[in-house]
Amino acid sequence: PPPRPSAPRVAGIGADTDEATSVYVDGLPLDMTERQLETLFSQHGRCRKIKMYRDDNRKFKGDALVTYLKPGSVGAAIGNLTGLELVPGRRLTVSKADFSYRRKGQEGGDASSLRTVTLDELPEECEAANYPVLLLWNTYVSEQAASDPDFLTDLEADILQECCKFGRVRRVVTPETPTFAGAVAVTFEAPAGAAAAAQAMHGRWFDGRQISAEVRGKTGAAGGQPPPPPPPPPPP
C-alpha cells in the first residue's frame, strides 16, 4: 500500500503542547456511528469523550473530537490513523487539539458590544505579535462554564469547526480574565481567513446571544484591523 502522509497541522488548538488529550479527526464515513468511532480510536487508548459534529438536520458531517484519558494516546492515534482510508478516496486527517491554554481569574459576564483591545492585552497564547486574532465577543456567560466542566472545551471545539471553513487555524483560546469575559480568541495563519471569519460571524446569533467580531494582532496594519460595523439591534 502507498505510504501514509504525515499528520497535517490543520486545526491544532495549542498543538505544540505534550499534555493534550484530544484529537480532531476529519474524513470519517458519513454513516459511521459513535460506537464504531470509539472502537477505532480506543485501539490507542481509553476514550473519555467523543463528540461527532452534525449539520442542522442532525446528519453526521464526517468530523469529530475524540478525548482520551491519557496524553500518550494522542500521538499513537495521530501516528496510526492519519491517512487511513475507511472509505475509498477519503483519507483520515488526525491532529492534536489541546485546551490547556486557559488563564485564571475569570469573572464572567456578557460582552454585548465590541471592546477595542491593544496587542499587549491579548493573551500570550494568541501569538498576536505574529498572527491575526479573531475575537468573538458575547459567545457565553460565566454561569455556563461554571455549571459544566466540559462547556469551554465543547465551545472551543465548536468555534474551531466553524472557523476552519475560512482558513487555517492555529489555536482557539478562551481567555479567562475580566477583560475578555464571554469572549473566544481564534488565531489564524493568514489575515484573509481571519477577516472572512469576522465578516461571516459578526452579528450572528449563537445560543441566544448576538456575537460581535473583530480582528486584532498582526494583520498588516499597526494596531490591527478596524472592526466591522456594529450588529443591528436585537428584535423586540
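Where does Glu 162 lie? Glu 162 sits in helix 4, residues 151-163. This is a predicted model, in which local features need pLDDT of at least 70, side-chain atom pairs count only at pLDDT 80 or more, and totals for chains, interfaces and linings use all residues. Residues are numbered from 1 along each chain as its sequence is written, and side-chain values use heavy atoms, with hydrogens and water left out.

**Overall make-up**

- The protein has five helices and 12 strands. Both are DSSP runs numbered from the N terminus: helices are H or I with at least four residues, strands are E with at least two.
- Buried residues make up 48% of the 236 residues. Buried means under 20% relative accessible area, exposed means over 50%, and partly exposed lies in between (1.4 Å probe, protein chains only).
- Of the contacts with a separation of 6 or more, 71% are between residues 24 or more positions apart. Contact means heavy atoms within 4.5 Å.

- Four strands form an open sheet in the order 2-3-1-6, with antiparallel pairing. Two strands pair if DSSP finds at least two bridges between them.
- Strand 2 and strand 6 stand at the edges. Each has a single partner strand, so one side of each lacks a neighbour in the sheet.
- The twist averages 20 degrees from one strand to the next. Axes are lines fitted to C-alpha atoms, for helices over the stretch in contact, and angles run from 0 to 180 degrees between N-to-C directions.
- Strand 1 and strand 6 run antiparallel and are joined by five bridges. Val 25 stands opposite Val 94 in strand 6.
- Helix 2 packs on the sheet and touches strand 1, strand 3 and strand 6. Its direction makes about 160 degrees with that of strand 6.
- Helix 4 packs on the sheet as well, touching strand 1, strand 2 and strand 3. The direction of helix 4 makes about 40 degrees with that of strand 2.
- Six bridges join strand 2 to strand 3, and these strands run antiparallel. Lys 49 stands opposite Thr 67 in strand 3.
- Strand 2 and strand 3 form a hairpin with five residues between them. In the turn, Arg 58 has a positive phi of about 70 degrees.

**Aromatic pairs**

- The structure holds three aromatic pairs. Rings of Phe, Tyr and Trp (its six-membered ring) pair if their centres lie within 6.5 Å; planes under 30 degrees apart count as stacked, over 60 as edge-to-face and the rest as tilted.
- Tyr 24 and Tyr 53 form a tilted pair, 6.4 Å centre to centre with 50 degrees between the planes. This pair links distant parts of the chain: Tyr 24 is in strand 1 and Tyr 53 in strand 2, 29 residues apart.
- Tyr 24 is buried at 7% relative accessible area. Tyr 53 is buried at 3%.
- Tyr 140 and Phe 151 form another tilted pair, 6.0 Å centre to centre with 55 degrees between the planes. Tyr 140 lies in the loop between strand 7 (132-137) and helix 3 (142-147) and Phe 151 in helix 4, so the pair ties together parts 11 residues apart in sequence.
- Both Tyr 140 and Phe 151 are buried.

- Leu 37, Leu 40 and Phe 41 are buried in helix 1, residues 34-41. They cover an arc of only 85 degrees around the axis, so they lie on the same side of helix 1. The arc is that of the directions from the helix axis to the C-beta atoms.
- The cover over the buried residues of helix 1 includes strand 1, strand 3 and helix 2.
- Helix 5 (residues 191-201) has Gly 193, Ala 194, Ala 197, Ala 198 and Met 201 buried. Their arc is only 130 degrees around the axis, which puts them on the same side of helix 5.
- Ala 192 and Gln 199 are exposed on the other side of helix 5.
- Strand 7, helix 4, strand 9 and strand 12 are among the elements covering the buried residues of helix 5.
- Gly 203 follows helix 5 and has a positive phi, near 85 degrees.

- Glu 162 is buried, with a relative accessible area of 18%.
- The side chain of Glu 162 makes a polar contact with the side chain of Lys 165 at 3.0 Å. A polar contact is a pair of N or O atoms within 3.5 Å; within protein, one must be able to donate a hydrogen and the other to accept it, and residues adjacent in sequence count only if both atoms are side-chain atoms.
- Setting aside neighbours within four places in sequence, Glu 162 is in contact with Met 201 and Arg 204.
- Ser 142 lies in helix 3 and is buried at 18% relative accessibility.
- The C-alpha atoms of Ser 142 and Ala 181 are separated by 7.7 Å, with the residues 39 apart along the chain.
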